[in-house]
Amino acid sequence: MVPIINDLLSSNRLQLLMQDGVVVYKLIHEEKAAKFEGLGPEQILVYQAIEKAGNKGAWTRDIKTSTNIPQQMLTKTLKALEQRNLIKTVRSVSSKSKKLYMLADLVPAKEITGGPWYTDQEFDSEFIEELCKFIVQFVRAQGIVGLGSIGERVRISGISKVELSLDELELVLQTLVYDGHLEEVQTAVVMLTGQASGQAMYKVSRSVNPPNYFTEFPCGSCPVIERCCDGGIISPRTCEYMKHWLEMPDVEDIA
């Protein structure tokens with residue numbers, strides 16, 4: 001048994017693990033073992049530490065702590081693994097100056113890349129602005145529309161280079177609600193309009209435009225202004241248009 005174990009270990013077909021203080025063996029798939037061909041113990045140890053970090057990556061300091069490999073040797077080991085395309089470096093939007101290491105075939109987590117709102121580690125405000133305009137135009141055209149329909153329309157349009165989840169779209173919609181561009185429709189209203197309930201529904205906010213008292217002043221466009229005088233047949237005291245204008249609400253009452 002011992003010669004077989006040693007042979008499998010030398011060919012990288014077995015991985016040593018510690019579970020509850022006991023050494024256990026894990027069989028490595030032949031295809032994966034081929035990746036390890038020619039690697040030394042330190043390189044395999046570093047690879048396993050990076051593999052354990054998953055798509056969130058591992059800092060150099062964390063790899064050094066978990067492997068106890070000296071910094072100079074660790075630097076050479078990381079470079080060798082990169083050259084063999086076993087690992088890659090990525091940078092986090094929260095710390096652009098530091099490099100993270102992860103397996104070469106993994107897609108970095110959204111916490112690292114910033115998700116769809118970031119492009120090349122930079123916040124993509126132009127994309128977000130275009131997306132918001134697109135959503136508002138779609139909601140305006142539909143009248144009242146649900147999150148699912150908005151998500152489907154965004155997907156079909158191709159406005160986003162990456163697929164947006166409903167949770168991500170909901171963040172955009174809540175921002176539009178907060179900014180006063182959209183309103184979230186209550187369930188009772190949705191049922192009256194015949195729309196499906198059970199999900200958030202949205203409509204375009206009604207714009208509040210305060211009256212322009214200067215342009216709406218009745219005397220400015222009155223065709224008989226020249227015959228209007230106090231006490232006359234045509235008089236400001238008896239003018240229905242003037243009365244209506246004077247009774248217009250204040251801007252503060254409308255806002």
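User: What ground rules apply?

Analyst: The model is predicted, so local features need pLDDT of at least 70 and side-chain atom pairs 80 or more, while totals for chains, interfaces and linings use all residues. Numbering runs from 1 along each chain as its sequence is written, and side-chain values use heavy atoms, without hydrogens and water.

User: How much space lies in the second largest pocket?

Analyst: On a 1 Å grid over the protein atoms alone, a pocket is an open set of points where a 1.4 Å probe fits, with protein on both sides within 12 Å along at least five of seven lines; lining residues have an atom within 4 Å of a point. Volume is the space filled by probe spheres set on the points. Here that is about 480 Å³. Of 21 lining residues, Gly 115, Pro 116, Tyr 118, Thr 119 and Val 162 are closest to the centre.

User: Which helix gives the most to the lining of the second largest pocket?

Analyst: Helices are DSSP runs of H or I, at least four residues, numbered from the N terminus. α6 leads with 3 residues.

User: Which residues touch the most other members of the largest nonpolar core?

Analyst: Such a core joins buried nonpolar residues through side-chain atoms within 4.5 Å; buried means under 20% relative accessible area with a 1.4 Å probe, protein chains only. Leu 131, Ile 135, Ile 150 and Val 154 do, among 21 residues. α7 (125-142), α8 (147-157) and α9 (166-178) each supply at least two. α7 has the largest share, 9 residues. A second, separate core has 17 residues, including Ala 49 and Leu 78.

Conventions. Buried < 20%, exposed > 50% of the residue type's maximum accessible area, 1.4 Å probe, protein only.
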